Amino acid sequence: GVFVETKTHLFKSPVYEHGTNNIGEFLAIVHCLSWQYKNKLSYPIYSDSVNAIKWVSDGCCRTKIIENDKNAYLFSVIRRAENWLRNNSFRVPIYKWKTDIWGEIPADFGRK
C-alpha cells in the first residue's frame with residue numbers, strides 16, 4: 001500500500017508465487033481496509049484490478065485457481081481476508097486506478 005500524495009509506503013505483502021495479480025490486488029485491498037480500520041483512518045483506496053474491486057464488493061475471491069499443496073498458504077490468507085470482509089462492516093470508497101491517465105499504480109512497485 002502506498003499513500004499516493006506523499007509516495008509513503010504504508011505496508012507491503014509478500015509476492016505469492018502461486019497466485020495471480022488479481023489475488024494480490026484483492027488481498028491488498030482487504031489489508032488496506034483492515035489497516036485503516038485499526039488506525040482509525042478513512043481514505044479512498046485505488047486498485048488497477050476491476051476483478052479485485054468486484055471481489056471485495058462481493059466479499060469473495062472468485063479466482064479460478066484450484067487450491068493445492070503449492071498454494072495452500074495463499075488460500076489460507078484468502079480465507080482470512082474473506083472472513084474479515086464478512087465480519088467487518090468498515091468500508092471506504094474503492095476506485096479503479098486510471099493507468100492510461102496516471103501511469104502505473106505506485107503500489108505495484110514497478111513490477112509490471
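At roughly what angle do the axes of H1 and helix H2 cross? In this predicted model, local features need pLDDT of at least 70 and side-chain atom pairs count only at pLDDT 80 or more, whereas totals for chains, interfaces and linings use all residues. Residues are numbered from 1 along each chain as its sequence is written, and side-chain values use heavy atoms, with hydrogens and water left out.

The axes of H1 and helix H2 (residues 50–58) cross at roughly 50 degrees and come within 8 Å. Axes are lines fitted to C-alpha atoms, for helices over the stretch in contact, and angles run from 0 to 180 degrees between N-to-C directions. Helices (H or I, at least four residues) and strands (E, at least two) are DSSP runs, numbered from the N terminus. The contact, meaning heavy atoms within 4.5 Å, joins residues of H1 including Phe26, Ile29 and Leu33 to residues of H2 including Ile53, Trp55 and Val56. By class, this contact of H1 with H2 has nine nonpolar, two polar and one charged residues. Here Ala, Val, Leu, Ile, Met, Phe, Trp, Tyr, Cys and Pro count as nonpolar, Asp, Glu, Lys and Arg as charged, and the others, Gly among them, as polar.

Helix H1 (residues 21–38) also packs with helix H3 (residues 72–87), at an angle of about 45 degrees and with the axes 10 Å apart. H1 and H3 are therefore oblique to each other. In H1, the residues that meet H3 include Leu27, Ser34 and Tyr37, and their partners in H3 include Val77, Glu82 and Trp84. The contact of H1 with H3 comprises 12 nonpolar, one polar and one charged residues.

The lining of the largest pocket draws at least two residues from each of strand E1 (2–3), H1, strand E3 (45–47) and H3. H1 gives the most, with 14 residues.

How values were computed
Angles under 35 degrees count as roughly parallel, over 145 as roughly antiparallel, 65 to 115 as roughly perpendicular and the rest as oblique.
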